[in-house]
Amino acid sequence: MAHLLEAEKISTHFDVTRGAFGERATVRAVNEVSLHIDPGETLGLVGESGCGKSTLGRSLLRLIEPTAGVLRFEGRDITRLPAAALRPLRRQMQMIFQDPYASLNPRMRVSDIVGEALDIHQLAANRRERDERVMALLTRVGLRPDQASRYPHEFSGGQRQRVGIARALAVSPRLIVADEPISALDVSIQAQIVNLLRDLQDELGIAYLFVAHDLKIVQWISHRVAVMYLGRVVEEAPSKALYALPRHPYARALLRAVPEPDPTRKRRRLALEGDVPSPLNPPAGCAFHPRCPIAERGRCDTEVPALRELAPGHRVACHRADDPSILAAAMP
Ligand SMILES: Nc1ncnc2c1ncn2[C@@H]1O[C@H](COP(=O)(O)OP(=O)(O)O)[C@@H](O)[C@H]1O
Ligand code: SF4
Ligand SMILES: [Mg+2]
């Protein structure tokens, strides 16, 4: 059976000018990423800020046009589908954002924010049907019908995210790209939103690309996880396998950085030196080598590691991924 969404070697590069002389340069935000999402499943997408997660998420929906590669939706090549032919598919692929406040029109009532999605796709026959659907959607995401006439600023962050979810749900999508939907929320609220998304998935069979920088939250919701570093997927695996034994040194560092569940204890920081290098000028060879604790000189700094399948569905882009000393190293 065809995957719901499939990306084959998708790259998204941005041409920019920089410096005093306006030199042209290319930001390689996404590089040859291949992945798929099946109906009703969640693929978690994890990596530090600047790794290209948002660019990839938007490219998959063609909200940004990829520079190269192929996109398929239910087996159909949509890479170069003209706008008019893409429109009915837009309904099937929705997005929710980190900051619902920025993505919700502050001058619109919540009922109209949700209703607008129905209008655009002509999903309600008349006013009454529209109002009923809006009320049902707001109730489904845990808001009260009497809150429908309020404006976004009258809600808390978690409630605003519920509005964003109701808006996405209005058009009965098959896939939702959730771009860090809980990163800006209090920890106590995060779990509520994740639970809501999980319930909706169970009920409606929606698939998610769930973007986050916190591996812990992703573990909770994802069937599979892809770890991204500097525009590339460096490890992809079923959640269980990834959390039991992450193979890529970057994935291992991310996992070690999972915050303590007990808030009175100090949060663990990322056990890595420095920041993500600039995608304007990525390091040669394995892009992770300047920060990698086990980089091999002469190889890691010259040869780009290919993504290899080490176990069913478990792919890793590291020259040393099957090195016994790595596998033996104690994990937290
Ligand atoms: N429109 C753009 N023009 C130029 N560079 C961009 C653009 N959008 C994103 N980038 C760059 O691409 C890289 C990846 O960004 P992004 O996809 O937002 O990463 P993430 O979501 O993982 O934080 C960053 O270096 C960012 O500065
Ligand atoms: S390829 Fe080399 S530098 Fe890259 S993650 Fe593996 S060991 Fe580290
Ligand atoms: Mg982002």
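How many residues does α7 have, and how far does α7 reach from its first C-alpha to its last? In this predicted model, helix α7 has 18 residues and reaches 26 Å, close to the 26 Å expected at 1.5 Å a residue, where the expected span is 1.5 Å times one less than the number of residues. Helices (H or I, at least four residues) and strands (E, at least two) are DSSP runs numbered from the N terminus.

Residues are numbered from 1 along each chain as its sequence is written, with chains lettered from A and ligands numbered from 1 in the order in which they are written. Because the model is predicted, local features need pLDDT of at least 70 and side-chain atom pairs count only at pLDDT 80 or more, while totals for chains, interfaces and linings use all residues.

**Helix α7**

The buried residues of α7 are Gln190, Ile193, Val194 and Leu197; a residue is buried if 20 or more other C-beta atoms lie within 10 Å of its own, exposed if 12 or fewer, and partly exposed in between, with C-beta atoms placed from the backbone. Seen down the axis of α7, these buried residues fall within an arc of 100°, so they line one face of the helix, the arc being that of the directions from the helix axis to the C-beta atoms. They pack against α6 (157-169), β7 (175-179), β8 (207-212) and α8 (215-221), whereas Ser188, Asp202 and Glu203 are exposed on the other side of α7. Just after the helix, glycine 205 takes a positive phi of about 70°.

**Domains**

The protein chain is divided into domain 1 (5-92 + 173-328) and domain 2 (99-172), with bounds that come from an automatic or database domain assignment. The centres of the two domains, taken over C-alpha atoms, are separated by 29 Å. Their contact takes 11 residues from domain 1 and 12 residues from domain 2, two residues being in contact if their C-beta atoms, placed from the backbone, lie within 7 Å. Helix α7 (residues 187-204) supplies 5 residues, the largest share of the side of domain 1 that touches domain 2. By class, that side of domain 1 has 9 nonpolar, 1 polar and 1 charged residues; Ala, Val, Leu, Ile, Met, Phe, Trp, Tyr, Cys and Pro count as nonpolar, Asp, Glu, Lys and Arg as charged, and the others, Gly among them, as polar.

**Ligand shells**

A residue is near a molecule if its C-beta atom, placed from the backbone, lies within 6 Å of it. Of the 13 residues around ligand 1, Phe14, Ala29, Lys53, Ser54 and Thr55 come nearest. Two or more residues of this shell come from each of β1 (5-18), β2 (23-37) and α1, and α1 gives the most, with 3 residues. Ligand 2 is surrounded by 14 residues, the closest being Cys286, His289, Cys292, Cys300 and Cys318. The classes of the two shells are set out below.

| Shell | Nonpolar | Polar | Charged |
|---|---|---|---|
| Ligand 1 | 6 residues | 6 residues | 1 residue |

**Loop residues**

Arginine 62, in the loop between α1 (53-60) and β4 (68-73), has a phi near 60°, a positive value in a residue other than glycine, and is partly exposed, with 19 other C-beta atoms within 10 Å. Leucine 230, in the loop between β9 (224-229) and β10 (232-238), also has a positive phi, near 45°, but counts as buried, with 24 C-beta neighbours inside 10 Å.
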